[in-house]
Amino acid sequence: MVSFPELGLMNIEAKIDTGAYTSSLHCMEVKQFIKNEKPFVSFMLFDNGNSLFGNNTIQFPIYKIKNVKNSFGQVEERIIIKTKLDFFDKIYDVEISLADRSAMDYPVLLGRKVLKKRFLVDVSKVNYAAKRKIIEYN
């Protein structure tokens, strides 16, 4: 379970994927625009099958745009945002790509870049972070 306090997302199921470099977040209707002469993105954290996501549009500064290899091995251009991740009672600055993960089991994928020099992955553990649910942010 992870939370993204700047996005208003709490207790979202995430998959650890040591084979992926970049982390990703499920979202829809991703659109780039300019605000105050800076690149921004708007997106919806909404999925009819997942009640954890609200039906609201979020606007966030674009950190960068890069080519990412998706789970099918195809390279696609993705928008990356930089935000806060609450994971195991600590807050981390993370880069996360915005992607349609509706065909995937988990709305969030945590890749190697987030894990590197912070965590040791024990593949015998399942749902280890579920015990640390966040109640609310002030």
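In the predicted model, Asp93 is partly exposed, with a relative accessible area of 46%. Asp93 forms a salt bridge with Lys84, and the closest N and O atoms of this pair are 2.5 Å apart. Lys84 is also partly exposed, at a relative accessible area of 28%. Side chains of opposite charge can pair when their charged atoms come close.

A search of the whole structure finds four salt bridges. One of them joins the side chains of Lys64 and Glu95, with an N to O distance of 3.3 Å. Lys64 is partly exposed, with a relative accessible area of 29%. Glu95, in contrast, counts as buried because its relative accessibility is 17%, which is under the 20% limit for buried residues. Lys64 and Glu95 are also linked with Lys113 in a network of salt bridges.

A further salt bridge is found between the side chains of Glu76 and Arg78, at 2.8 Å from N to O. Glu76 is partly exposed, with a relative accessible area of 30%, whereas Arg78 counts as buried at 11% relative accessibility. The side chain of Arg78 is joined to that of Ser97 as well, through a polar contact of 3.0 Å.

Ser97 is located in strand E10, which spans residues 90-99. The relative accessible area of Ser97 is 0%, so this residue is buried. When neighbours within four places in sequence are left aside, Ser97 is in contact with Thr22, Ser23, Ser24 and Leu25, and also with Arg78, Ile79 and Ile80.

Lys35 is placed in strand E5 (residues 28-35). Lys35 is partly exposed, with a relative accessible area of 34%. Residues up to four places away in sequence not being counted, Lys35 touches Phe40 and Gln59. Lys35 and Gln59 are separated by 24 residues in sequence, and their C-alpha atoms are 9.9 Å apart in space.

Ile16 belongs to strand E3, which covers residues 14-16. Ile16 is partly exposed, its relative accessible area being 36%.

Note on methods. Residues are numbered from 1 along each chain as its sequence is written. This is a predicted model: local features need pLDDT of at least 70, side-chain atom pairs count only at pLDDT 80 or more; totals for chains, interfaces and linings use all residues. Side-chain values use heavy atoms; hydrogens and water are left out. Helices (H or I, at least four residues) and strands (E, at least two) are DSSP runs, numbered from the N terminus. Buried means under 20% relative accessible area, exposed over 50%, partly exposed in between (1.4 Å probe, protein chains only). Contact means heavy atoms within 4.5 Å. A polar contact is a pair of N or O atoms within 3.5 Å; within protein, one must be able to donate a hydrogen and the other to accept it, and residues adjacent in sequence count only if both atoms are side-chain atoms.
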